[in-house]
Amino acid sequence: MSTSMTVRQPAGLNNDPYDASAALVVDHVVKEFGATGLDRWLRRGRRTPYRAVDDVSFVVAPGEIYGVIGANGSGKSTLIRIISTLLLPDSGSVRVFGRDPVADPLSVRPLINRVSADPSFFRPMSPMENLLFFGRAYGLTGDETRRRSLELLLELGMDERRANEPMLRLSRGQQQKVAVARAFLTRPRLMLLDEPTTGLDPRSKRDVQRFVADVRAQGVTILLTTHDMEEAELLCERIAFLAGGRLVAEGTPLHLRETVAGERAVDDVDMEAVFMHFTGRSLEDDEEEERTEAQQRKDAQ
Amino acid sequence: MSTADTYALPRPRRVALGWAFVERQTNLWKRYWLWEVVWLVYGVVNTLAITFIAREAANTGTTPSGQVQRLTLFLLIGTLVWAYLSAVLDDMALVITWERWEGTIEHTLMAPVPRAVHLVGMSVFGLLHALLRTLLILVCSVPFFSVDFGHANWLAAAAVIAVGSVSLIGLGILTGILPMLYPERGEQMSFMVQAVVLLVSGVYYGVNVLPGWLQEAAAASPATYLLRGIRSSVLDGTGLGGQAHTLIVLAIFGVFLVPGSLVAFTAAERWARRTGRLKRQG
């Protein structure tokens with residue numbers, strides 16, 4: 001059972017997709033893979049195109065933490081990559097503080113940064129060497145980068161001595177903390193957190209969540225994708241559910257639970273139940289279906 | 001800041017952004033020092049193996065004794081220039097591939113660095129890296145042969161290397177496109193480009209021994225003029241005046257290849273953004 005609901009805009013925002021007062025506007029974005037031009041002709045009959053993002057629209061207000069919940073393969077990372085200027089949508093538009101990541105990616109890049117589930121570093125290099133590179137690439141000086149990097153790493157609970165060891169000697173949790181430091185080093189106005197706590201031990205997860213809550217207080221706008229319902233409810237002011245590339249529901253956690261509760265008490269309805277209500281399945285079902293579809297796509301190739 | 005504005009960034013800012021890549025590659029190079037030793041040993045062994053052919057030619061009498069010294073230098077220059085050229089092309093072919101290995105491709109490409117600055121930064125490191133490696137190979141190889149550099153005009157040879165290196169940057173950027181377009185096979189395809197350059201440019205023989213159609217291909221390779229110019233200055237002592245034609249041809253290659261390769265890279269990147277290839281796994 002799939003139920004759609006009205007998209008509720010945050011106060012002060014309107015439906016104008018080019019409204020520069022919004023931090024992020026995603027307007028009817030569509031992205032399909034496996035069916036482009038020559039590739040479509042060469043591979044006809046052998047490769048099934050699939051729609052990773054299907055007519056998705058939402059608006060995020062400055063300073064808001066906006067969560068996108070969906071199973072693996074629901075289109076979350078594709079959406080993040082479009083906003084990150086790494087992927088071009090087939091149709092629709094995106095605006096980051098009024099700037100267009102498709103037409104002018106260089107004007108958007110200084111405003112954004114990103115943390116993904118995979119820390120992604122030059123592993124033989126130390127955290128400090130990695131941060132030095134990314135700091136310089138965003139226009140910071142060497143001294144400024146070193147000073148700020150140490151501040152951030154300490155804030156995230158990392159031992160200062162680990163800053164000069166090769167990344168490959170650090171634990172997964174420590175690497176992810178360096179990834180968070182890298183993202184906030186450049187003082188982005190819009191932070192894209194793509195499952196930042198996936199695979200972390202409980203303590204590292206808490207450290208990262210606490211840090212995210214702290215930086216939000218500094219006015220940074222955050223788009224958080226996750227399949228951790230508890231995390232989404234803890235951190236996000238509004239949540240959207242993505243299933244099969246489509247945005248099926250959006251609202252504050254309370255509003256979403258109230259919508260689903262009906263006769264029941266709101267406290268008796270958890271976000272997992274809300275997700276099932278709007279998508280007609282649990283996250284586990286979604287993930288299983290995605291695995292099957294991924295295998296079918298692989299076989300078709 | 002529009003795209004046009006970004007290209008109009010103040011020069012110190014552009015230099016600082018480009019320096020980020022030179023510094024990063026230097027840090028990586030220090031961490032992978034054992035690889036560098038492997039490549040150095042390979043380069044020395046390769047140089048010796050090929051240059052010893054001149055001694056064999058002397059022993060068997062297939063080359064007049066007066067020409068052995070010239071043949072030795074001819075082969076030595078060929079192997080050294082090839083070591084330099086292939087190191088530059090290798091480094092540039094890794095612009096995308098290395099980022100994929102390490103998983104940093106998305107973070108690097110979403111940084112607010114104009115692609116031209118990024119590629120020039122990588123090229124500067126590539127040229128310095130290749131130059132240092134080639135000098136070390138030269139120092140390790142020369143003691144094995146009795147070669148006389150008495151006729152060499154080093155200033156003219158250096159000018160040919162400097163001007164020719166600009167066109168190598170263009171060629172390198174072009175080979176760097178392949179791994180972006182073909183994540184799984186692109187690096188191997190860039191080796192194919194190197195192999196063609198090796199065949200047609202007269203690295204170990206004069207291009208006049210090639211069949212006619214390959215000689216035409218040789219004329220389209222900047223490495224042909226680079227090799228010809230260096231050999232002419234080191235073997236025959238040709239000065240800057242005598243190298244004017246070679247320098248002009250190499251400069252023309254540079255003028256067309258560098259902007260052309262940047263345009264091609266930008267177009268390829270846009271295609272990769274459209275088809276979703278700018279990620280760790282193709």
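A helix, as I use the word here, is a DSSP run of H or I that is at least four residues long, and a strand is a run of E with at least two. With that settled, chain B of this predicted model has eleven helices and zero strands. Read from the N terminus, the order of elements is α-α-α-α-α-α-α-α-α-α-α.

Next, the overall dimensions. Along the principal axes, the C-alpha trace of chain B spans about 65 × 40 × 40 Å.

Now the inside of the chain. How many of the 282 residues of chain B count as buried? The figure is 43%. As for contacts in chain B with a separation of 6 or more, 82% of them are between residues 24 or more positions apart.

Last, the interface. On the chain B side, 31 residues are in contact with 28 residues of chain A. Which helices of chain B each supply at least two residues to that side? They are α1 (3-7), α2 (11-31), α5 (105-109) and α11 (244-275). The most comes from α2(B), with ten residues. Sorted by class, the side of chain B that touches chain A has 14 nonpolar residues, nine polar ones and eight charged ones.

Conventions. Residues are numbered from 1 along each chain as its sequence is written. Chains are lettered from A and ligands numbered from 1 in the order in which they are written. This is a predicted model: local features need pLDDT of at least 70, side-chain atom pairs count only at pLDDT 80 or more; totals for chains, interfaces and linings use all residues. A residue is buried if 20 or more other C-beta atoms lie within 10 Å of its own, exposed if 12 or fewer, and partly exposed in between; C-beta atoms are placed from the backbone. Two residues are in contact if their C-beta atoms, placed from the backbone, lie within 7 Å. Ala, Val, Leu, Ile, Met, Phe, Trp, Tyr, Cys and Pro count as nonpolar, Asp, Glu, Lys and Arg as charged, and the others, Gly among them, as polar.
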